[in-house]
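Please have a look at the model first, and then we will go through it together.

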Amino acid sequence: MSYSATSQLPRKKMARITGGLYLAFILASVLADLIGHIGIADVEQAYEVLADSSWQFSLGLAFALLSAFLFVMAAWGLYVLLRPANQDLALLFLLLNAIGVAIQCVSMFPLILAILLGDGSSYMQAYSAGQVEGLMQISIDLYQSSFVIAQLFFGTWLFPLGYLVYKSGFLPRFLGVLLILDGFAVLLWFFQAILLPDYPAIIYPGLALSFVAEFGLGLWLLLKGGKDSQVASDLPG
C-alpha cells in the first residue's frame with residue numbers, strides 16, 4: 001500500500017517554529033544554569049545552591065529537563081527542514097541528538113537523589129551530617145561526569161547538521177560553517193573535562209562560539225524562516 005503526505009506546512013512557518021524551539025531550549029538551559037547551576041557549572045557551585053535552597057535547585061532541575069525536551073523537539077524540526085538535502089545525514093544528526101538528550105536526562109537522576117538526601121527525612125538520620133554532605137556532593141559529581149559524556153553526541157551531531165545547513169540553499173552558509181566549528185568546540189570541552197579537568201579556561205572561547213552559532217541558527221530561523229516552499233509531513237500506515 002502506498003501512502004501520500006497527510007499534511008503540508010510552509011517551510012517558512014516550520015522554520016519559525018523550529019527557531020522558536022531552539023531559542024526556548026537555549027533560554028531554558030541558561031535558566032537552569034543561573035538558578036540551579038545545573039549545566040556547565042562546577043560541583044561546588046551546584047552544591048552551594050542545593051545546600052541553601054532545595055526549592056531553587058529543584059527549579060533549576062525542572063528547567064534543565066525542559067531544555068532537554070525542547071532540544072530534541074528542535075532537532076526534529078531541523079530534521080524535517082533539512083531532510084530534502086540529504087535524508088541519511090538528517091537522520092544521523094537526529095539520532096545523535098536523541099542519544100545525547102537521553103544521556104543528559106539519565107545524568108539528572110543523581111540530582112534527584114541529591115535533593116532527597118538533603119530534604120532531612122527521618123530515614124537519613126542514621127547518617128551523620130558529614131556523610132549526607134559527602135553523598136550529596138558525590139551525586140552532583142556523578143551528574144557532571146555523565147553530562148560530559150553527553151557532549152560527545154552533542155558535539156558530533158553538529159557536523160552533519162552544519163553540513164546540511166551549508167548545503168540547504170535556504171539558510172546562510174556561514175551558519176553551517178559556524179555550526180561545524182561549534183562541533184569542534186564542544187568536542188574540545190568533552191576532552192578537556194575528561195583529560196584536563198583543572199583547566200576549564202581552555203573551553204571559554206569555544207563556549208562563546210557555541211552560543212553565537214546556535215543562538216544565530218535559532219534566531220535566523222525564527223526571524224527569516226526561509227524560502228516559502230512546502231514541507232511535506234509523511235505518516236506511514
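Let me begin with Phe215, which has a relative accessible area of 31% and is therefore partly exposed, and please keep in mind that what you see is a predicted model.

How are the rings of Phe211 and Phe215 arranged? Their centres are 5.2 Å apart and their planes meet at 10 degrees, and since planes under 30 degrees apart count as stacked, this pair is a stacked one.

The structure holds twelve aromatic pairs, and another that I would like to show you is formed by Phe147 and Trp189, whose ring centres lie 6.0 Å apart with the planes at 65 degrees, so that this pair is edge-to-face. Here the pair links distant parts of the chain, for Phe147 sits in helix H6 (residues 129-156) and Trp189 in helix H8 (residues 173-195), 42 residues apart. Are these two residues buried or exposed? Phe147 has 9% relative accessibility and so counts as buried, and Trp189, at 13%, counts as buried too.

Ring pairs can also join into a cluster, as they do for Tyr22, Phe25, Phe71, Phe93, Phe154 and Trp157.

Finally, we come to charges over rings. Arg11 lies over the face of Phe170, 4.3 Å from the ring centre, while the charged end of Arg173 sits over the ring of Tyr166, at 4.5 Å from its centre.

Methods: Residues numbered from 1 in each chain as written. Predicted model: local features only at pLDDT ≥ 70, side-chain atom pairs only at ≥ 80, totals over all residues. Heavy atoms only, no water. Phe/Tyr/Trp six-rings, centres within 6.5 Å; stacked < 30°, edge-to-face > 60°. Helix = DSSP H or I, 4+ residues; strand = E, 2+ residues; numbered from the N terminus. Buried < 20%, exposed > 50% of the residue type's maximum accessible area, 1.4 Å probe, protein only. Lys NZ or Arg CZ within 6 Å of the ring centre and 35° of its normal.
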